[in-house]
Amino acid sequence: MDRPKLSVVIPCYNEEACLEMLHARVSAAAKAAVGDDHEIVLINDGSRDRSWEVMQRLAAADPRLICINLSRNHGHQLALTAGLDLCSGDQILIIDADLQDPPELLTDMRATMAEQGADVVYAVRRKRDGESVFKLATAAAFYRVLDKVTDTPIPLDTGDFRLMTRRALDAFLALPEQARFIRGMVAWVGFRQVPFLYDRQERHAGESKYPLSKMIRFALDAVTGFSTAPLRFASHVGLALTGASVLLVLYIAFGWVTGRAIQGWTSTMLVVVVLGAVQMFVLGMIGEYLGRLYVESKRRPLYIVADVAGPVKGHARLGY
Ligand code: UDP
Ligand code: MG
């Protein structure tokens with residue numbers, strides 16, 4: 001198969017205000033890095049604005065642009081998976097649509113990859129402009145907790161902005177899971193992965209597509225996908241409570257033998273309430289894993305493509 005030197009893969013959800021500038025800057029950066037031998041893959045993740053119309057217009061004018069329209073909003077990580085599946089380059093750059101990650105860094109990232117003989121160059125955020133204190137604090141806490149509980153070392157303060165070689169991408173694509181935490185999955189694949197420091201910019205236009213609910217889901221996918229520490233924690237709590245109840249039984253027996261019957265409503269209620277809460281919490285934690293196991297067991301396709309625009313010859317998976 002005739003591979004372009006570079007594919008740039010970009011998931012887009014309601015990004016109509018960013019697309020033209022995005023296309024112009026990514027095209028220029030790709031051209032500066034590898035000349036004309038590149039492709040840009042935009043994935044429209046069920047946007048409710050005019051993103052798809054804009055993409056079709058851009059694709060009509062640029063033979064290096066491939067646009068994929070998913071059948072609905074599948075979520076950032078699945079949209080990105082669709083693009084990674086369908087791109088064909090020797091090197092692959094993943095970048096966000098909102099230009100928070102400057103595409104102009106591509107040349108330096110390629111240089112780092114060549115100098116260090118790396119298969120993955122992941123961009124680490126040294127600074128993040130224009131994001132709320134809440135977002136910065138939760139993100140910082142998230143990466144640190146994740147680092148504590150996972151067995152795979154996942155780099156801190158690193159998003160999906162990264163440059164990969166084809167062999168690293170192919171290894172990544174062999175991972176079939178539905179709940180996808182892509183930056184963790186890429187770390188899991190191994191090979192030589194090196195950091196690249198950069199300053200994250202403000203969004204070009206629009207607002208974050210990650211409300212709190214999506215952030216929580218994302219964090220849960222990350223933890224459950226890469227760690228069984230919560231399950232271990234559940235069994236440790238269970239063990240500790242069992243120990244405590246043995247002591248309590250001894251105490252009750254002692255009261256019964258000595259004829260000093262237990263009197264307290266307070267202590268009874270405390271035991272009932274605390275035990276009830278702990279049990280619910282632990283059950284919920286097990287439920288998080290069980291639910292994911294159920295979803296995985298259905299083996300549904302990860303995404304559905306509705307339309308494509310641009311030169312899609314050779315994309316066996318799209319049937320073209
Ligand atoms: N995105 C997507 N589907 C979604 C949510 C987000 O494809 O359901 C894309 C979005 O268009 C952007 C990237 O994922 O290119 C990161 O989203 P965003 O910039 O809103 O996240 P933040 O930078 O605020 O964490
Ligand atoms: Mg963003």
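Visitor: Which strands does helix α6 lie across, and at about what angle does α6 run to β6?

Guide: This is a predicted model. Helix α6 covers residues 166-173. It lies across β4 (91-94), β5 (120-128) and β6 (158-165). Its angle to β6 is about 120°.

Visitor: Which strands are the edge strands of the open sheet?

Guide: The open sheet has eight strands, with mixed pairing. Their order is β7-β5-β6-β4-β1-β2-β3-β8. An edge strand pairs on one side only. That picks out β7 (193-200) and β8 (305-309).

Visitor: In which sense do β2 and β3 pair, and what is the bridge partner of Ile40 in β3?

Guide: Strands of a sheet pair through backbone hydrogen bonds, either parallel or antiparallel. Strand β2 (residues 38-44) and strand β3 (residues 65-70) pair in the parallel sense, over five bridges. For Ile40, the bridge partner in β3 is Leu65.

Visitor: How far apart are the axes of α1 and α4?

Guide: Two packed helices are described by the angle between their axes and the distance between the axes. Helix α1 (residues 16-34) packs on helix α4 (residues 106-116) at about 40°. Ala29, Ala30, Ala32 and Ala33 of α1 make the contact with Leu106, Thr107 and Arg110 of α4. The axes are 9 Å apart.

Visitor: How many residues surround ligand 1, and which elements give two or more of them?

Guide: The shell around ligand 1 holds 16 residues, and the closest include Pro11 and Lys209. By type, the shell divides into six nonpolar, five polar and five charged residues. The elements that give two or more are β1 (6-12) and α3 (76-86).

How values were computed: Residues numbered from 1 in each chain as written. Chains lettered and ligands numbered in written order. Predicted model: local features only at pLDDT ≥ 70, side-chain atom pairs only at ≥ 80, totals over all residues. Near = placed C-beta within 6 Å. Helix = DSSP H or I, 4+ residues; strand = E, 2+ residues; numbered from the N terminus. Nonpolar A, V, L, I, M, F, W, Y, C, P; charged D, E, K, R; others polar. Pairing = 2+ DSSP bridges. Contact = placed C-beta atoms within 7 Å. Axes fitted to C-alpha atoms, helices over the stretch in contact; angles between N-to-C directions.
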